[in-house]
Amino acid sequence: MSGDLLPYVGDRLSQARSLGGLTDEALRVRAVTAARDKAFGDLWALTLAYLTTDTSGGVRLSPHTLRAYRKGVEVLITHATEHGWNLLHPGRREPGLYVAGLVQSGLKPATVQARVAAASALYRALRWAGATDADPFADVKRPKDRTKGIVKNPPYRPDFVQALLAEADPHERVLLLLLTHAGLRIAEALGVDWAHVDLERRRLLVAHGKGDKARRVPLSARLREALEGVRPAVPNGPVLPWRAYSTAYTRLQKLALKCGREHEFRGFHAGRKYAGTQLYAATRDFTRVAGFLGHEQVDTTRRYVELPEDDLDDVVEGFR
């Protein structure tokens, strides 16, 4: 089994099928052997197969998320090797000491949490394979990250968005604008069909939003122009030529690299936050932004909007 991070959904599925297609006993033996030998490549392949087929994110887990899981599994295996862990039967206090060591090393709380999430995923994979019943990180306390999500993962900056739009091909431009102007989730953007687009009324139907809920969003002039640029003679079928999450991610990642700004690329959600922040700046109304983004709770929307530090300066100026 290869432990390399496979970039394409099809490759991940093929690898998952090769493991999932084994008999229960064959899969158990393979997992037990990998854990005994602390074979990182095999243990990562097992974890990847589990994440791909038996989690809510499944094949749509982003390359960024998978890299974080991979690194976390690697760090745990290195620690287990250095400290003589029996991975299938870890000591009762060993997981807590592992987390304490991560904290002591100076890692940020969010990074520690990611490492523990990866360790937990490895053990879920081992249980999935029938290799152990151990769940050693279930009761381990993790450091709390007090930093607001919008600070840790802010919206894309306008100059970054404009740079990508300037270099994008027609379909990449549509994808970017569906995220940054229409505020769509990536699954919603990839699912847009020409039947959902009403250029005349400047509206887009999000037919299957989160929880399979539909909503309509306005189309900006720039997004309408981009859609016109890719509209076929007979508008029918999907707007974008790719439906795979990993393909869309790779296209935008390469686009950021082309612009020399790959270090600023943080996936799709920062584009959606960009849309929410722009709309709030224009409306000052979280309720309207919530409806636009498809949030049931306004408190969720607050985590998508970056407020300027001087937001209250003019108000306070007039105090008497």
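Predicted model: local features only at pLDDT ≥ 70, side-chain atom pairs only at ≥ 80, totals over all residues.
Residues are numbered from 1 along each chain as its sequence is written, and side-chain values use heavy atoms, with hydrogens and water left out.

The structure holds 15 salt bridges, each defined as a side-chain nitrogen of Lys or Arg within 4 Å of a carboxyl oxygen of Asp or Glu. In one of them, Arg185 and Glu188 are joined at 2.6 Å, N to O, and both Arg185 and Glu188 are buried (under 20% relative accessible area, with exposed over 50% and partly exposed in between; 1.4 Å probe, protein chains only). The side chains of Lys258 and Glu167 meet at 3.7 Å, N to O, and this pair links distant parts of the chain, 91 residues apart, with Lys258 in helix α12 (residues 245-258) and Glu167 in helix α8 (residues 158-167). Helices are DSSP runs (H or I, at least four residues), numbered from the N terminus. Lys258 counts as exposed because its relative accessibility is 58%, whereas Glu167, at 38%, counts as partly exposed.

Arg36 and Asp37 also form a salt bridge (2.9 Å, N to O). Lys38, in the loop between α2 (24-37) and α3 (40-53), is buried yet has no salt bridge, the nearest side chain of opposite charge being that of Asp37, 8.2 Å away; here Lys and Arg count as positive and Asp and Glu as negative, with His and the chain ends not counted.

Key:
Helix = DSSP H or I, 4+ residues; strand = E, 2+ residues; numbered from the N terminus.
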